[in-house]
Amino acid sequence: MSRYRSVVLVLGIAGFAVPTVLAREGQTIPGVPGTAQRPADSIQPAAPQAIPQSEVLRRADEAIAALAAIRFRLNPDPAVADVESELPVSIQAVQRLGTDLDLETLDRLSLRNLQDMRQRWARYEAQFRDWQRSLDERLATLEVERRAVRTVRDVWDVANRAAVAENYPVILIERTRDVQGTVDQVETYRRGRQDVVLVLQDQVSQQLSAITHVLTQIDIAEGDARQRLFEPDSPPLWQAVFSRGDDLSLTSEVRDSWTENWATFIDYMRSSQTRLLFHFVLFAALMALLVDLRRRNTQWTMEHTLEAPAHIQSHPVSAALLVALLFTRWIHPDAPIVVADLAQLAILLPVLRLLPGLVHQSMRKPLYGLAGLYALNQIGSLALEQSILQRLLLLGVTGLALVGLLALVRQGPSLAGRTGRWWGIALFAGRIGIVALASSVVANVIGNVSLAELLTSATLNSALLAMVMVAGAMVLEGVLKVLLRTRIAQSVNAVRLHTQLLARRGTSGLQLGALLLWLVTTLSLFRVLSLFVGTAGAILGRVWSVGSFNISAGDVLAFVITLWIAILASRFIRFVLNEDVLPRIELPRGVPGAISTVAHYVILGIGFVFAIGAAGINLGQFALLAGAFGVGIGFGLQNVVNNFVSGLVLIFERPIQVGDTIEIGELLGRVRRIGIRSSTVRTFDGAEVIVPNGNLISADVVNWTLSDRLRRIELPVGVAYGTDPNQVLELLRTVTPKQDGVLENPPLQALFGGFGDSSLDFSVRFWTAEFENFRVVASNVNVAIYDALKEAGITIPFPQRDLHLRSVDPSVKRALSDGGTTETAADFAP
C-alpha cells in the first residue's frame with residue numbers, strides 16, 4: 001500500500017507538468033470517460049460506465065494527474081490574497097470615515113464639502129467594486145473546478161463498485177480507492193478555499209452596500225444644496241463679524257482644518273503609491289525628452305516660429321512638470337479635493353516660470369496678480385474652511401480680482417493688437433468674470449456664502465485654467481515644432497516638404513483642443529455643465545416627423561460629424577499617399593494619381609454609409625428610397641452622371657493623365673487635375689479652364705504627351721532665286737544638329753519645298769525632348785540658320801511685285817522720264 005501511495009505522491013507532484021486537459025465543463029478529462037467535449041446545447045452525457053480491468057491502472061494515473069492539476073489551480077489566487085491582506089485596513093478606514101460622518105447634517109454642508117466627501121467615499125467604492133469583481137471571478141473558477149472534481153468522483157465511484165462487485169484483483173481495487181481518496185482531499189481543499197472567498201465576498205458586499213447608501217445620501221444633499229444655492233445660508237457679513245468675535249481665533253481654526261486636510265492627504269498618498277509612481281515616471285520621461293531635444297538642438301534659428309521652442313528648451317524641468325501636472329485629473333480621478341487643490345497650487349510654479357517669457361510684457365503683471373489671488377483663495381479654502389476669516393479673505397480676494405479684471409478689460413482695446421487673436425475670446429470671458437465676481441461680492445455680504453464661494457472659486461479656477469491651457473499649449477506647440485525638425489521626422493517626405501503646414505495645423509489643433517477643454521471645465525466649475533448637457537440633449541433628441549419618416553437634430557448632427565470625419569480622413573490619407581507612399585513606389589505614369597483618387601472616393605463612400613447609419617436611417621429603407629429616386633435623378637442629371645462615368649473611364653483607362661498637354665478644339669494647355677466630374681486644364685497663357693469629363697471622352701482630344709514628350713518642329717526657310725539648292729540643304733543639315741535640344745534620333749530632314757513667288761522655299765524638320773521649351777529651341781535654331789546663311793552670302797529675299805500701268809498722266813510720264821524730278825502738288829492740279 002505504501003508503494004502505491006508513493007507512486008500517487010510522485011504523480012501528484014508532477015501532475016501540473018503532465019500534458020493533461022483541464023478538467024472544465026465541456027472539456028475532456030483524461031482518465032474520466034464520458035467527459036469528451038460536447039456542444040453547449042447538446043444532451044447531457046450518459047452515466048459513467050465501469051472501467052475495464054485492463055485500463056484501470058492507466059486511467060487511475062491519468063485521473064490522479066488531472067486531480068493534481070486541479071489542486072495546483074486551487075492554490076491561493078494573488079488577487080484574493082491582496083483582498084485578504086488589504087480588506088481589514090480598508091474596513092477600518094471606511095469606519096473612521098463613517099465616524100466623522102453625520103448623515104443628518106449633510107444638508108448643512110457646502111457644495112465644496114459635499115464634493116470632497118463624495119471623492120473620499122467614491123475612492124473606496126471603486127476599490128471595493130474591483131475587489132468584488134475579483135472575488136466573483138475566483139468563485140466562478142472554483143465552481144468550474146467543483147464540477148470537474150464531481151465528474152471524477154462519479155466515474156471512480158462507479159469504477160470502485162464495479163471492481164468490488166466483479167471481484168477485480170486487489171491491486172486494482174486499491175487503486176480505485178486511492179483515486180477516491182485523492183478526490184476527497186482535493187474537494188476538501190477546494191471547499192476551504194471557497195469558504196475563504198465567500199467570507200471575503202460577504203465582507204466586501206456589506207461594506208459596498210454601506211458605501212452606496214452614503215453616496216446616495218450625498219447625492220440627495222448635493223441636489224438640495226444646488227436648489228438652495230440662491231438662498232442665504234449665513235448671517236449678513238456685518239452681523240457675523242460683530243456678533244461672534246470668538247470666530248477670529250486663527251490658531252484653532254488653522255490647526256483643525258490643517259490637521260484634517262493633512263490626514264486626508266497622507267491617507268491618499270499611502271493608498272495610491274502605484275499612481276504616484278506612474279505620475280513620477282511620466283514627469284521623468286517628459287523631462288528626459290526635453291533635455292534630449294535641448295542637447296540635440298544647441299544651435300537655434302531665432303525665427304518667429306522657433307522663439308517659443310527655444311524658451312521652452314531652456315526650461316525643460318518646468319515644461320515637464322507642467323505637462324505632468326496637467327494629467328493629474330486623469331491619473332488621480334478619485335483624489336480628494338485637498339489633493340486636487342495642492343496640485344493646482346503646485347502647477348502655479350511651472351506656469352509662472354514659463355508663461356511670462358511666452359506672452360507680451362503688458363500681460364505679465366496681470367498673470368502674477370491672478371496667481372497671487374488664486375493662491376490666497378486656495379490657502380483660505382484649505383486652512384480656514386467654514387470660518388469668518390475665510391469669508392473675509394474671500395471678500396478681499398473677490399474685490400481685488402474684480403478691480404484687476406475691470407482694469408484689464410478697460411485696457412483691452414489697446415492690448416488687443418499685441419496679445420494675439422484669442423484676445424477677443426479673453427475679453428468676452430473677462431466680462432462674464434466681472435459679472436460673476438460682482439455677484440460674489442453681493443452674495444457674500446448678504447449671507448449667501450455658498451454662492452459667493454462658488455462664483456469666486458469658479459472664476460479664479462477658470463482664469464488659472466486659461467493660464468495653464470495657454471502655457472501647456474505653447475509647450476506642446478514648441479515640442480511639436482522641434483520634433484518636426486528632427487532628423488527622423490525630416491526623413492519623411494510629407495514632413496520635409498510641408499513642415500510649416502504641419503506645424504500650423506498641429507498648432508491650430510492644440511489651440512482648439514485647449515479652448516474646448518477650458519470651456520467644458522469652466523462650465524463644470526460653475527455647476528452648469530449638467531444643465532448645458534441636458535438642454536443640448538433635449539434639443540438634439542427632439543424628433544420631427546414627416547409622415548412615416550422621423551428625424552432629429554441629433555441625427556443630422558451625427559450625420560454631419562461622421563461625414564466631416566470621413567472627409568478629414570480622406571484628405572489625410574490622400575496627402576500621405578501623394579507625398580510619401582506613392583513617390584517611393586515605381587509605378588507607370590498616371591497610376592499614382594488613379595490610386596489616390598480612388599482611395600479618396602472610396603473613403604468618402606464608406607464615410608457616407610457610416611454617416612447614414614449614425615443618423616439612424618435604415619440602410620434597407622435608404623436603398624429603397626434611393627432606387628425610387630434613381631430614375632428621376634437619372635433623367636434630371638444625365639449630364640452629371642455622364643461626367644461621373646467619364647471620370648471613372650479617365651481614371652482607370654488613363655487616356656489623359658495629370659501633366660499631359662492636350663488640345664481640344666481651340667483649347668490648348670496642360671492637365672492639372674482629373675476629378676470625378678470635371679478636369680482642370682491650365683492654358684499656356686495662365687488661364688485655368690474647367691472641362692467636363694464627358695467632353696474629354698466624347699470629343700476628339702489631341703494628347704501631345706500620351707506616350708512620350710517628344711515634339712517635332714518644322715521651320716520654313718526661303719532664299720533668293722539663283723542660290724544653289726544643294727548648298728542650302730547642306731547648310732541646314734550642318735547647322736541644325738549643333739543646337740541645344742535637337743535630337744539626333746529621329747534624324748532631322750532638310751527639304752526643298754518648291755519655287756515660291758519671291759524665293760526658293762526650303763524647310764528643316766527635327767525633334768526635341770524639351771516639350772515645354774520647344775518654342776525656345778525653334779527660336780535658337782532660326783537664329784543659327786540666319787547667321788549661317790548670312791555668313792555664306794545667301795540672300796533671304798523679301799516679297800517683290802511688278803506694277804504695270806495702263807495709262808499715265810502726261811505730267812507723270814514727263815516726271816518719270818526726267819529722272820524722277822520732284823513735282824509739287826500744284827503741278828498736278830487740273
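Which residue in E6 stands opposite serine 679? In this predicted model, the residue opposite serine 679 is valine 691 in E6. The protein contains 30 helices and 10 strands, and this briefing moves from its overall composition to one sheet and one helix that packs against part of that sheet.

**Overall composition**

- Of the 830 residues in the protein, 37% are buried.
- The accessible surface amounts to about 47,600 Å², and carbon and sulfur atoms account for 61% of that surface.
- When contacts between residues at least 6 apart in sequence are considered, 73% of them connect residues at least 24 apart.

**The five-stranded sheet**

- Five strands form an open sheet in the order E6-E5-E4-E3-E7, and their pairing is antiparallel.
- Strand E6 (688-692) and strand E7 (702-703) lie at the edges, each pairing on one side only.

**The pair E5 and E6**

- Strand E5 (residues 678-683) runs antiparallel to E6 and is joined to E6 by five bridges.
- Within this pair, serine 679 faces valine 691 of E6, while arginine 682 stands opposite glutamate 688 of E6.
- The two strands form a hairpin with four residues between them.
- In that hairpin, glycine 686 adopts a positive phi near 100 degrees.

**Helix H26**

- Helix H26 (residues 638-653) consists of 16 residues.
- From its first C-alpha to its last, H26 reaches 22 Å, which is close to the 22 Å expected at 1.5 Å a residue.
- The residues buried in H26 are Asn643, Ser646, Gly647, Leu650 and Ile651.
- Viewed down the axis of H26, these buried residues fall within an arc of 140 degrees, so they line one face of the helix.
- An α-helix has 3.6 residues a turn, so residues three or four places apart point the same way.
- Phe652 and Glu653 are exposed on the other side of H26.
- After H26 comes arginine 654, which has a positive phi near 60 degrees.

**Packing of H26**

- Against which helices and strands do the buried residues of H26 pack? Their helical partners are helix H24 (591-614) and helix H27 (693-698).
- The strands that the buried residues of H26 pack against are strand E4 (667-674), E5 and E6.
- The strands E4, E5 and E6 also stand in the order of the open sheet, and E6 is one of the edge strands there.

Terms used
Residues numbered from 1 in each chain as written. Predicted model: local features only at pLDDT ≥ 70, side-chain atom pairs only at ≥ 80, totals over all residues. Heavy atoms only, no water. Buried < 20%, exposed > 50% of the residue type's maximum accessible area, 1.4 Å probe, protein only. Contact = heavy atoms within 4.5 Å. Areas by Shrake-Rupley, 256 points an atom, 1.4 Å probe, with all protein chains shown as cover. Pairing = 2+ DSSP bridges. Expected span 1.5 Å × (residues − 1). Arc of directions from axis to C-beta.
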